Amino acid sequence: MSTETATAPQSFEFQAEIKQLLDIVIHSLYTEKEIFLRELVSNASDATEKLRHLQLTEKSIHDADRALEITVTADEKAKTLVIEDAGLGMSGEELVKFLGTIAHSGSKNFLKALQEGGQKNSNLIGQFGVGFYAAFMVAAKVEVFSKSWQIDAPAHVWTSEGAGSYTLAPAPEHTARGTRIVLHLKDDATEFATKHRVEDILKKYSAFVSFPIKLDGEQVNTVTALWLRSKSEITDEEYTAFYKFQAHAYDEPRLRLHFSADAPLQIASLLFVPKDNPEKFGMQRAEPAVALYCRKVLIDSRPKDLLPEWLRFLKGVVDSEDLPLNISRETMQDKALLEKIGKTVTSRFLKFLADEAKSRAEKYDEFFAEFGIYLKEGAALDWTHKDALVKLLRYESTFTESGKTTSLADYVSRIKEGQTEIYYLVGPSRAAIEAGPYLEGLKARGLEVLFCTEAVDEYVMGNVREFDGKKLVAADSPDAKLPDAPKPPSAEGDLSDDQVADLAKWLKETLGERVTDVKSSDRLVDSPALAISADRMMTPQMRRMMKAMQKDAADTPVKVSLELNPRHAVIKRLHGIRSTNTERATLVAEQILDNALIAAGLFEDPSKMIARLYKLLEQA
Ligand code: ADP
Ligand code: MG
C-alpha cells in the first residue's frame, strides 16, 4: 500500500462485515445513542495507555512532552463534537487497517449474535458494543486526524460518511501526536454538541479513565485507581461501574474479590467473575483479561503468563509495587516474579471461592453451573492448584436430588465402612445413567455414585485420580472393586454355580469374537446382563470422541466382557432352552449382548439386530 506517500485523497471500500455493521448502526433505532462517546473515550484511553507504555521502552517519540490527557470540545453552533487524545496515534496504513477492517471482538460478537438471532435486534448494540463505528449512530460525517508517535510517519485524515467507503488524505497541519476525531452531528443528534449533555455522559461512563478528561477546558473526571482505595469507601455501584469500564463489559458481575497483600509481595487486586461464561455458546476462546499494573500504571492489559489458563474467564486488575515498570518476559527474574504474583492471586481467589461455597452455597452452585468447566480444566491440568480446585468441584450423585450437587468431601463424609473408592459414572445425562444397568449393583450395596454428565468429566476424573486417599473409579470399568453385596434370598429355579459356569462357557462359544469373556456378576439386580469395555483406555466416551474426530481407532471392533445376572428370569430361561432349542437360544444370546452394548453406549450396527428381532417375534 502506498498510503504514506500519496498526496491526493484516496478512496477505499470498507470490508464487507464493516459495511453490514455500519448499515445496522446507522439504521438502528437504538435509543441509547450516547454510548458512542463511551466507545470513543475508551479508544482514546487505550491509545494513551499504549503511549505511556511505549515511553518506557522507546527513546524517540514524536511530541514527547505532550500532556497525556483527553480533551472533548462541544460546539453547538457548528454542530460538532471533537474528541482528542495524545495517545500513540495511527499511521496512514494503520488508519486503513484499524478503521476499515473488523478487529473489535465486541463488534464481531455483535454480528455473530445477529446472524444467530436472525433479526436486526438493535438492543444487541448495547450488549456487545460496536466500538468506533458507534460514532455513525450520531454523526453524518466522521473525520479522524491522526499523527503516529513514530517520528517519520506523516499525519493523515480518514473521512467517512458511513456508507460503503472512506477516504484517506495527508494532513500535514495535524502535527500534534495522537488522534482527533471530529463528529459532524446528524440533525437529530445535535444534543451531543451541548456541554451539559456531554458532561453527563462523560461522568456516567468514563469515571475510571486513568487520564484527565477535559471538557471545554474543565476536568470532568477524578482520576483514581479504585483497587487501591479501601473497601469500606467503595459502593456496589462504583464496583459495578468499574467492572463495566475496565472489562469493556455490559453485564453485571456475578462475583467480586477485592484484596491486598503485603507478603510475600505487595499486591492489590480487584477481580470479577462475569455473569455469563463467555465460551458457553461456542464463542471463541476467552483471552486472559486481568490487567497488570504497577502503582497505577498499566503494564499489560492482557498479560498471558500472569494467571493460569483456566482463569481466563476472570476480569479485573492486579497491581504490584514490586514490579519493574519495564518488565520483560524474556528475563528469568521478571518471569519468576510474574509467576509468583500469579500464584499469590490464584491462591487468594481459590480461597475466596472456597469461602463462597461455604457461606453462600446456593450462589456458589449457580457460579459452578456456569463456570465449573474452567475449574474442572484446572483440576485436571494445573498441578500447582489441583488440591484446592478438586475441593471446589460439584457433581450430582445418587444421593442428591436432581439439580442438587455434592462435593467430593461431602461424598467422603458419607462413605461406607470398608469403601475404598469413590464411584462415578459417565453419561450424557443423569436420566441416561440412571436408566443403564451399571447403577444396580452399587445401589444394592448402598454405595453413592457421582453423575458425570459433561464431556470433559471423564478426562477430569482420569487426571484427578484420587481424593482424600480414595481412588476415583468409573463404576462401569473393569477396575471397580465392589465390596460384597448382601446376598439376595435364593429363589426357586436358581442356577447352581456349575450351571452358571456351563452357561457362561456356552455363551462364550456362541458369541465368539464379539466377547473377550463371559462371567457371572454380582453388580446386577434388575438387568440380565451388562457389558464392560475390555479395553481400559477405550471407554464408550472415548470411542465416541474418536469417531467424531474420525480416528481409525474407532473402527476397531468393540470388545467387551459380558457379565451375567444368574438370578434373572431371562438368564434362567436361556439356560433352560440352551440344549432343547439351540437355534432360539443363540438368537436370545445375541440379543442379550446387543442390549448390553446399547446400555453401554457401545452399540454400533443395528442392521443385524432388526432381522434377529423379527425372527424372535415369529417364534414367540
Ligand atoms: P477496539 O477498541 O475494541 O479495538 P474499536 O472499533 O473501538 O475496537 O477500534 C478499532 C481500532 O482502531 C482499535 O483497536 C485501535 O487500534 C484503533 N483506534 C481507534 N481509536 C483510536 C485512537 N483514538 N487512537 C489510536 N488508535 C485508535
Ligand atoms: Mg474500542
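I took a pocket to be an open set of points on a 1 Å grid over the protein atoms alone, with protein on both sides within 12 Å along at least five of seven lines; lining residues have an atom within 4 Å of a point. For volume I used the space filled by probe spheres set on the points, which are joined across faces, edges and corners. The model is predicted, with local features needing pLDDT of at least 70 and side-chain atom pairs counting only at pLDDT 80 or more, while totals for chains, interfaces and linings use all residues. Residues are numbered from 1 along each chain as its sequence is written, and side-chain values use heavy atoms, with hydrogens and water left out.

**Second largest pocket**

I looked up the second largest pocket and got about 980 Å³ of space. It has 38 lining residues, and Y424, E458, Y459, G462 and T539 are the closest to its centre. I then asked which elements give two or more residues to the lining. They are β16 (421-426), α14 (457-464), β19 (470-474), β21 (529-533) and α16 (540-548). Helices (H or I, at least four residues) and strands (E, at least two) are DSSP runs, numbered from the N terminus. I sorted the lining by class and found 21 nonpolar, 8 polar and 9 charged residues. Here Ala, Val, Leu, Ile, Met, Phe, Trp, Tyr, Cys and Pro are nonpolar, Asp, Glu, Lys and Arg charged, and the others, Gly among them, polar. Domain 3 (395-486) and domain 4 (497-619) each supply at least three lining residues.

**Domains**

I noted domain 1 (10-219), domain 2 (226-363), domain 3 (395-486) and domain 4 (497-619). These bounds come from an automatic or database domain assignment. The C-alpha centres of domain 1 and domain 2 are 28 Å apart. I counted 18 residues of domain 1 in contact with 16 of domain 2; contact means heavy atoms within 4.5 Å.

**α2 against α6**

I checked helix α2 (residues 35-57) against helix α6 (residues 195-205): their axes come within 9 Å and cross at roughly 60 degrees. Axes are lines fitted to C-alpha atoms over the stretch in contact, with angles from 0 to 180 degrees between N-to-C directions. From α2, I35, L37, R38 and V41 meet V198, I201, L202 and Y205 of α6. I classed the contact residues as 7 nonpolar, no polar and 1 charged.

I found a cis peptide bond from A263 to P264, with omega near 0 degrees. P264 sits in the loop between β10 (255-261) and β11 (267-273). H248 is not a glycine, yet I read a positive phi of about 50 degrees. H248 lies in the loop between α7 (236-246) and β10.

Methods:
Chains lettered and ligands numbered in written order. 1 Å grid on protein atoms, 1.4 Å probe; cavity = no way out; pocket = protein on both sides within 12 Å on 5 of 7 lines; lining within 4 Å.
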